[in-house]
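Let's take a look at how one protein chain holds on to itself. Have the sequence and the 3D view ready.

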Amino acid sequence: MSISISVTGAAAEAVRTHLPTLVSDLVASGITALDPALWGPDAEDEAAQRLGWTESVAGSRPLAAEITALREELHAAGVRHIALAGMGGSSLAPEVITRTTGVDLTVLDSTAPGQVLDALGDRLAETALVVSSKSGSTVETDSQKRVFERAFREAGIDPLTRIVVVTDPGSPLDEAARADGYRVFNADPTVGGRYSALTAFGLVPSGLAGVDLDELLDEAETIALQLAIDEDDNPGLILGTAIAGTVPLRDKLGLLTDGTHIVGLGDWVEQLVAESTGKLGKGILPVVIDHDAPELTEDLSDFLLVRLVDDAGEHVFPHGKANEIRISGTLGAQFLTWEYATAVAGRLLGINPFDQPDVESAKAATRGLLDATPSPEPAAFVSAGIEVRGTADVIGASSDLASAIEVLVEELPAGGYLAIQAYVDRIALPQLAELRDVLAKRSGRPVTFGWGPRFLHSTGQFHKGGPAVGVFLQITENATTDLDIPDRPFTFGQLIQAQASGDASVLADHGRPVLRLNLTDASADTAALFDAIR
């Protein structure tokens with residue numbers, strides 16, 4: 001069997017409670033039959049346009065051959081390396097697919113100037129770029145495309161021979177790219193970005209980089225029929241009820257991913273679940289952890305553990321207090337199973353799992369800042385070389401860096417979580433990810449970590465639309481090197497700072513406590529930051 005699941009404790013009780021009703025209500029076959037009424041009348045219009053992912057395996061078969069042919073064409077022209085400019089649903093699936101299969105792919109999902117420069121790098125002469133955006137108007141992707149076009153021209157390479165576009169038909173990017181003469185792959189417009197792993201968004205960059213796409217689609221096909229049948233061994237129904245049916249709801253979903261051959265699956269699941277469920281003050285917050293995570297030693301009543309493993313055992317629902325889900329399977333089968341499960345979770349939670357009403361708010365705030373180019377908000381104070389800003393509830397009671405962090409942790413409510421948002425060059429500052437475990441241990445609460453602006457296209461929806469129990473630590477930096485964007489009045493350094501400021505302002509407007517720390521000298525200030533947090 002291509003997917004195996006076992007559940008214990010509260011998760012097992014949720015399955016026993018809800019699975020019979022889902023089976024009798026014909027939910028699995030309804031999803032497969034594209035029934036938009038499954039999520040209620042308020043969601044019906046959106047759902048009617050967003051269920052194409054259930055047919056993605058069959059729809060992508062002809063696409064696989066087309067991608068393979070283009071890969072051979074590019075290889076004959078000397079292309080040995082693929083880079084991907086994309087955000088969220090356009091980047092997370094290709095990242096998982098290529099890392100799991102051991103295929104080289106440079107994923108550029110950042111506006112940090114250092115990361116953009118690194119992607120341009122010394123392999124440009126043998127590089128082709130996939131520009132991927134569902135809406136065709138993503139500011140990050142547009143900026144990355146512009147700088148690659150310039151770099152190719154300066155290297156004497158025609159960009160038309162090295163840039164491949166993936167977008168929805170009729171999008172601004174689709175129209176502009178076709179007018180310019182670029183090779184364009186249109187994705188299925190009835191598939192939302194986070195459900196698009198098995199469509200052109202997941203397959204074009206992965207296939208061009210060298211992944212066997214037929215094998216990936218075969219993996220998904222092995223589970224497709226079982227996911228469509230209204231039976232009590234349907235893994236999509238089991239997983240969906242386990243993550244969304246506990247009483248009271250265990251709404252922090254710990255994703256432990258070090259027991260599986262699949263690399264980075266937790267990051268993909270994080271976007272799918274958080275962006276699909278985090279709205280109307282409800283939602284499930286995925287927390288990507290490892291085997292040493294402090295959350296595993298805490299007895300948290302709102303925490304449910306998902307172990308992504310290579311052997312989950314039988315489809316069993318034993319009694320017990322472990323409160324965990326174990327799931328194993330091939331990558332293609334995992335993609336499709338989690339998509340069904342998330343749709344099921346939306347039905348149980350009473351929300352529309354296909355919209356993202358709060359994602360646009362941070363984008364609008366960013367655009368406003370870039371248009372107005374205001375002077376930076378003055379720091380409340382500077383401590384250990386770090387500029388400290390934040391909402392009044394955090395800064396008003398702080399006198400230095402250590403006390404500001406202490407106040408932020410104290411703002412955590414019962415059932416709350418802390419989100420670290422690092423708008424920095426993660427190639428230069430990978431150690432910042434270690435702050436997640438440090439703050440989880442200090443606070444005794446679940447802590448998420450997101451590289452900005454990447455997370456704006458995933459957990460950013462949950463931060464604004466989900467339960468109002470989050471507190472936010474935002475980390476920015478004064479970049480040592482900036483990079484201009486052709487035909488734009490702002491640089492990458494200005495863009496990422498505007499994205500951070502815009503997100504912070506929207507969080508503040510929603511009443512979320514925010515502490516903003518700007519590293520004026522990143523290499524020197526990082527040690528001081530760790531000292532203060534510890």
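## A pair to start with

Which residue forms a salt bridge with Arg 61? Glu 221 does, with the closest N and O atoms 2.9 Å apart. A salt bridge here is a side-chain nitrogen of Lys or Arg within 4 Å of a carboxyl oxygen of Asp or Glu. The two partners sit in distant parts of the chain, 160 residues apart: Arg 61 in helix H4 and Glu 221 in helix H10. Helices (H or I, at least four residues) and strands (E, at least two) are DSSP runs, numbered from the N terminus.

## Where this comes from

This is a predicted model, where local features need pLDDT of at least 70, side-chain atom pairs count only at pLDDT 80 or more, and totals for chains, interfaces and linings use all residues. Residues are numbered from 1 along each chain as its sequence is written, and side-chain values use heavy atoms, leaving out hydrogens and water.

## More bridges

In total, the structure holds 31 salt bridges. One of them joins Arg 347 to Asp 25, with the closest N and O atoms 3.4 Å apart. Arg 347 lies in helix H13 and Asp 25 in the loop between helix H1 and helix H2, so this pair ties together parts 322 residues apart in sequence.

Asp 267 and Arg 454 also meet in a salt bridge (3.7 Å, N to O). Asp 267 is in helix H12, while Arg 454 is in the loop between E14 and helix H18, 187 residues away. Both belong to a network of salt bridges that also links Glu 95, Asp 109 and Arg 426.
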